[in-house]
Amino acid sequence: MADWRNVGNWHWKERNCLEWAKKYLDEQLTGVEVSKDGFNAKIDSVDSITGDVDLNIRKGRLIAIYDVEVKLSWAATKGDDKLSGKITIPEVAHDTDDYVYDITANNSSSSMLPLKDFVRKQLTPAITSKLEGFTEELKKQNGTDMYIPDKNGKVSVSPASSSNTQLAGGDSKPAAANVVVTDSDVGVASTKDNTFSTVSISQNAEFVCSAQDMFATLTDPQRVAIWTRAPANIQAKEGAEFKLFNGHIEGKMTKLEPGKSIEQTWRVATWPKGHYSKVKIDLDQQSSSTRLTLKQTGVPFNEEDATKANWERYYWNGIKGSFG
C-alpha cells in the first residue's frame, strides 16, 4: 500500500518563519557601515520587523512568501558634525527587490543635509546588498526538513507523473466517482511530543447496495479483506481495536448501529505518535442505494489532502472495485 503521507511532497505544507526572519535581519543589518570622503554612516539597531514570512511546499516546490516592514536607526558623522535618524523600509517582499527607503533625521537644518544625503546614496545600497540573500537563506535554513523522504530515504522535489495511486496488490484505480469533499475546519491537537494544527473533513459517496450490506462491508473481516486486499483485523464490536492495510491504519470501534452508523478512532501509522482522529460514518438507505457520509475530525493539518484522496482511493474505490 502506498504511503498516506505527503507523497512526492505534492500537497501544501507551510511554516511560519517570522521569528527566524527577525533574528536573521537583525544580525545582517545591525552594524552595516560605510565610509567615504570623510563621511561615515552606520545602522545602530533594527527597531522592528512586522509582517509575514512563510515557507511553503506545493507540488514538490519550495516557495518563499514574505512581506515585512523593517525599521532601523542610523547615525552619520563628518568631522564634528553628527546626525542620527530612522529608516523605514515599508516593503521587503518576495516579489520585489526595488526597495523604498523612507529616511528621517533628528535635525533638519540645511547644514546637515549632506549627512542625510550620504545615508541615502551610500548606506541604503549597503542595506540592499544585505537583503539580497534573504530568500536563499530562508529556504536553506528552514526548508530542508519540510521535505518528506520516500521509503528509500530520498527526498522528492518533483511532482508525480500520474494521477493514479498504487493500491495493495499492484492495481491502480482512478479517483472515485460520486464523491463530494467539503471544506475543512481547523483545530489544534497535542501529543506527548508535539502540538500541531488539525482539520476536519467530510465526504459523501453512494453505493448500490443496502445499508445493512454496506455496514457489513465496512466491519466484517472477510468482506474487509476483499476490498483492502490484505488480512483484516476488525470486528463489529464496540471497544474492539482494528488494524487494516497491514497495520498501516489502526483504531478502535467506539459506537456501532448496524445498518445506520459506525464511529471509531482512526489513525495512520505515520501520524504523530499517540494521535487519533475521530471518524463517524452515517449510512442512509435510499430507494435503490445507500448514501454514505463520512465526518472526520482531528486530521493533522499537513495530512489533509492525502487523507481525503486516500479515503476515496483505498476505501470507496476499493469497495466499488471489489463489489461493484
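Author: What follows is a set of questions and answers on a predicted model.

Reader: Which residues of helix α3 are buried, and within what arc do they fall?

Author: Helix α3 covers residues 134-142, and its buried residues are Phe 134, Leu 138 and Asn 142. Seen down the axis of α3, these buried residues line one face of the helix, because they fall within an arc of 40°.

Reader: Which exposed residues does the face of α3 turned away from its buried side carry?

Author: The buried side of α3 holds Phe 134, Leu 138 and Asn 142. On the face turned away from that side, the exposed residues are Glu 136 and Lys 140.

Reader: Which residues touch the most other members of the largest nonpolar core?

Author: The largest nonpolar core has 41 residues. At least two of its residues come from each of α1 (18-29), β3 (39-58), β4 (61-78), β5 (81-93), α2 (113-131) and α3. The residues that touch the most other members are Ile 87, Ile 89, Leu 123 and Ile 127.

Reader: How many residues are in the other core that lies apart from it?

Author: Phe 207, Ala 211, Phe 242 and Trp 266 are among the residues of that other core. Its residues number 33.

Reader: Against which elements do the buried residues of α5 pack?

Author: In α5, residues 221-228, the buried positions are Val 224, Trp 227 and Thr 228. They fall within an arc of 95° when seen down the helix axis, so they line one face of α5. The elements that the buried residues of α5 pack against are α4 (211-219), β12 (241-244) and α6 (304-323).

Reader: At the start of α5, which backbone nitrogen does a side-chain oxygen of Asp 220 reach?

Author: The side-chain oxygen of Asp 220 comes to within 3.1 Å of this nitrogen. The nitrogen belongs to the backbone of Gln 222.

Reader: Does Ala 230 count as buried or exposed?

Author: Ala 230 lies in the loop between α5 and β12. Not counting residues up to four places away in sequence, Ala 230 touches Ala 225 and Asn 246. The cut-off for burial is under 20% relative accessible area. Ala 230 has 10% relative accessibility, and therefore counts as buried.

Reader: What separates the C-alpha atoms of Ala 230 and Asn 246?

Author: Along the chain, Ala 230 and Asn 246 are 16 residues apart. The separation of their C-alpha atoms is 6.6 Å.

Technical notes
Residues are numbered from 1 along each chain as its sequence is written. This is a predicted model: local features need pLDDT of at least 70, side-chain atom pairs count only at pLDDT 80 or more; totals for chains, interfaces and linings use all residues. Side-chain values use heavy atoms; hydrogens and water are left out. Buried means under 20% relative accessible area, exposed over 50%, partly exposed in between (1.4 Å probe, protein chains only). Helices (H or I, at least four residues) and strands (E, at least two) are DSSP runs, numbered from the N terminus. The arc is that of the directions from the helix axis to the C-beta atoms. Contact means heavy atoms within 4.5 Å. A polar contact is a pair of N or O atoms within 3.5 Å; within protein, one must be able to donate a hydrogen and the other to accept it, and residues adjacent in sequence count only if both atoms are side-chain atoms. A nonpolar core is a set of buried Ala, Val, Leu, Ile, Met, Phe, Trp, Tyr and Cys residues joined through side-chain atoms within 4.5 Å.
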